[in-house]
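Me: Could you walk me through this one while I have it open? I'll start with a side chain and then jump around.
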Amino acid sequence: MENGFAILLGLSMLYLASTSRIISHIRILVVQGILLFLICLLGYKHTPLLDIAFLIMETLIVKAVVIPWFLYKILKKTNANRDDEANIPHFYCLVISSVVLLTGFVISNCMTGMKNIAPLYFGIAVSIIVISLWLITIKHKIVSNVIEFITMENGIFLLSLSVAGEMPVLVNLGVLLDVFIAVYILGLFVREINKEFKDLEVSHLSKLKDYE
């Protein structure tokens with residue numbers, strides 16, 4: 001069952017690559033948080049109670065509720081509804097992302113004989129990380145880049161699950177703290193940029209400079 005949720009997690013990246021509506025991107029973060037929660041809940045049934053509590057906080061509360069809510073508040077204040085001006089049309093984004101995801105499945109199939117590694121998790125996690133990094137390079141809206149940064153962290157979370165016999169709480173805690181601080185700082189940064197410019201194009205960053 002958890003393998004099916006992992007596949008859905010990978011497929012969610014295809015939807016992320018194919019749509020320009022930023023509100024849909026935020027909804028994908030909610031879906032990914034819930035899927036990660038279900039993957040861990042079903043895959044680590046004998047996990048200690050403390051680890052389960054941390055799992056609920058990290059995936060279901062922070063990833064599926066707190067961070068999407070924070071981004072939604074930013075979206076309402078900045079009115080950045082769409083990211084229509086990507087360097088590559090969304091159809092080609094979907095095709096390229098599909099190829100990357102398919103490559104991840106091929107990698108997982110080639111690793112089926114390896115011990116202490118969950119091949120499917122590993123292949124999908126690598127695909128999510130690669131797709132997220134690639135989308136960051138072609139998207140123009142700062143909010144979109146923040147969202148792709150979070151999906152990349154979700155891929156790192158799944159990658160940590162794939163290479164550990166039990167839930168690596170310390171690793172996930174460190175990553176979660178980093179991403180929470182990064183999202184908070186980027187949120188403040190986006191609000192300040194929005195005060196100076198009418199939209200949130202990444203190209204405007206080149207116009208910023210200090211004045212004495």
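Me: Is C110 buried or exposed?
Reply: C110 is exposed, its relative accessible area being 63%, where exposed means over 50%, buried under 20% and partly exposed in between, for a 1.4 Å probe and protein chains only. Bear in mind that this is a predicted model, in which local features need pLDDT of at least 70 and side-chain atom pairs count only at pLDDT 80 or more, while totals for chains, interfaces and linings use all residues. Residues are numbered from 1 along each chain as its sequence is written, and side-chain values use heavy atoms, with hydrogens and water left out.

Me: And what about C93, buried or exposed?
Reply: C93 is buried, with a relative accessibility of 0%.

Me: How many disulfides turn up?
Reply: The search of the whole structure finds zero, a disulfide being a pair of cysteine sulfur atoms within 2.5 Å.

Me: New topic: where is N154?
Reply: N154 lies in helix α6, which spans residues 142–162; helices here are DSSP runs of H or I with at least four residues, strands are E runs of at least two, and both are numbered from the N terminus.

Me: Which residues does N154 touch?
Reply: Setting aside neighbours within four places in sequence, N154 is in contact with L29, Q32, L36 and K63, contact meaning heavy atoms within 4.5 Å. N154 is also buried, at 2% relative accessible area.

Me: What does the chain look like overall?
Reply: The protein chain has seven helices and zero strands, and 47% of its 212 residues count as buried.
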